[in-house]
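Here's a quick tour of a protein model, written for someone just starting out.

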Amino acid sequence: MSELKRNYYGSLCTEMYEILHEEAPQDELDFYLSYAEEGKKILEPLCGSGRFLVPFLERGFDICGMDSSGEMLAKLKQKAPDAKVVQADIVSYVAQERFDFIFIPSGSVSLFTDMRMCQRILRTMKELLTPGGKFVFAVDTVFNRCEEDDDYKVNVTVKTKGGYDLVLKAKNHYDETSQTQFSPSIYELYHGTELLRSEAMDFQTHLYRYGEMDEYLQGCGFKSVSVYSNYEKEIAVNDRCEMLIYECGV
């Protein structure tokens, strides 16, 4: 199974995501907005349903988005019909233009658990930048690992707009050798006690150690790399934080 299909956001997953994460966290949004400038071209790969992209548009920034999930992009288009977005695999994404600022929030880079593929994506991001451009993104850390589960258990239950119950069942296993968090999930839609539909998702993330990503970025040719432990730009000194945030220049 490809990494694209492994972490694919289907219809039920998208519906729950919209209910739980309709808007971007304000501190995270403000952090990425701080890099935006009028007249500069911006790209958000893995833009999902647009909780970051739409606020950029509303502020008048020239931003494009890209995601592999047609379901997520359909939600984005409902919010912003004129948004410039394409459905594409980030691994093979090709753009004719270059960008002054590229950002991937919410630890989404961790979705790529094949390190060779991850490095290929990093090189692609570098090639898409204009001279002096910046690539800013976050990854999950080993500090963020989940407790082990023997079997599936209910993690979240939400009520849909149609009045149905949408249930997320998941279990977690962390592989120390590969630093991969395996979180297979099942989304179930109920009308009362009647199961209407279910959707499986093989969710996996790579959890990073301090200094690990730096080697990849240097190997890709980024000339300057700053690493933060939070959105206040405190310099990271270890991986005892939920995320490591990278600011990379060319």
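**A quick briefing**

Let's start with helix α7, where Glu212, Met213, Asp214, Tyr216, Leu217 and Cys220 are buried; buried means under 20% relative accessible area, exposed means over 50%, and partly exposed is in between (1.4 Å probe, protein chains only). Keep in mind that this is a predicted model, where local features need pLDDT of at least 70 and side-chain atom pairs count only at pLDDT 80 or more, while totals for chains, interfaces and linings use all residues. Residues are numbered from 1 along each chain as its sequence is written, and side-chain values use heavy atoms, with hydrogens and water left out. Helices (H or I, at least four residues) and strands (E, at least two) are DSSP runs, numbered from the N terminus.

**Helix α7 and its partner α6**

- The buried residues of α7 pack against α6, β5, β10 (194-206), β11 (224-228) and β12, where contact means heavy atoms within 4.5 Å.
- Now for the pair itself: α6 (residues 115-127) and α7 (residues 212-220) pack at an angle of about 50°, and their axes are 9 Å apart.
- That angle makes α6 oblique to α7. Angles under 35 degrees count as roughly parallel, over 145 as roughly antiparallel, 65 to 115 as roughly perpendicular, and the rest as oblique.
- Those axes are lines fitted to C-alpha atoms, for helices over the stretch in contact, and the angles run from 0 to 180 degrees between N-to-C directions.
- The α6 side of the contact is made by Met115, Cys118, Gln119, Leu122, Arg123 and Lys126, and the α7 side by Glu212, Met213, Tyr216, Leu217 and Cys220.
- Sort the residues of this contact between α6 and α7 and you get seven nonpolar, one polar and three charged. Here Ala, Val, Leu, Ile, Met, Phe, Trp, Tyr, Cys and Pro count as nonpolar, Asp, Glu, Lys and Arg as charged, and the others, Gly among them, as polar.
- Just after α7 comes Gly221, with a positive phi of about 100°.

**The nonpolar cores**

- In soluble globular proteins, nonpolar side chains tend to be buried together.
- Which residues touch the most other members of the largest nonpolar core? Out of its 36 residues, they are Ile90, Leu122, Phe135, Phe137, Met213 and Tyr246. A nonpolar core is a set of buried Ala, Val, Leu, Ile, Met, Phe, Trp, Tyr and Cys residues joined through side-chain atoms within 4.5 Å.
- At least two residues of this core come from each of β2 (62-67), β4 (99-104), α6, β5 (129-140), α7 and β12 (243-249).
- α6 supplies the largest share of this core, at five residues.
- Leaving out residues up to four places away in sequence, Phe135 touches Ile102, Ile104, Leu122, Met125, Leu129, Phe222, Tyr246, Glu247 and Cys248.
- There's also a second, separate core of 27 residues, which includes Tyr32, Ala36, Ile42 and Phe56.

**Helices α2 and α5**

- In α2 (residues 11-20), the buried residues are Leu12, Cys13, Thr14, Met16, Tyr17 and Glu18.
- The cover over those buried residues of α2 includes α5 (70-79), β6 (153-159), β7 (165-170), β9 (180-191) and β10.
- α2 and α5 pack at an angle of about 45°, with axes 9 Å apart, and that makes α2 oblique to α5.
- On the α2 side, Ser11, Thr14, Tyr17 and Glu18 meet Glu71, Met72, Lys75 and Lys79 of α5.
- The residues in this contact of α2 with α5 split into two nonpolar, two polar and four charged.

- Is Ser110 buried or exposed? Ser110 is buried, at a relative accessible area of 0%, and this residue sits in the loop between β4 and α6.
- Ser110 and Thr205 are 95 residues apart along the chain, yet their C-alpha atoms are separated by 5.1 Å.
- Ser106 is in the loop between β4 and α6 and has a positive phi of about 60° although it is not a glycine.
- Lys233, in the loop between β11 and β12, has a positive phi of about 65° although it is not a glycine.
- Val86 belongs to strand β3 (residues 84-87) and is partly exposed, with a relative accessible area of 37%.
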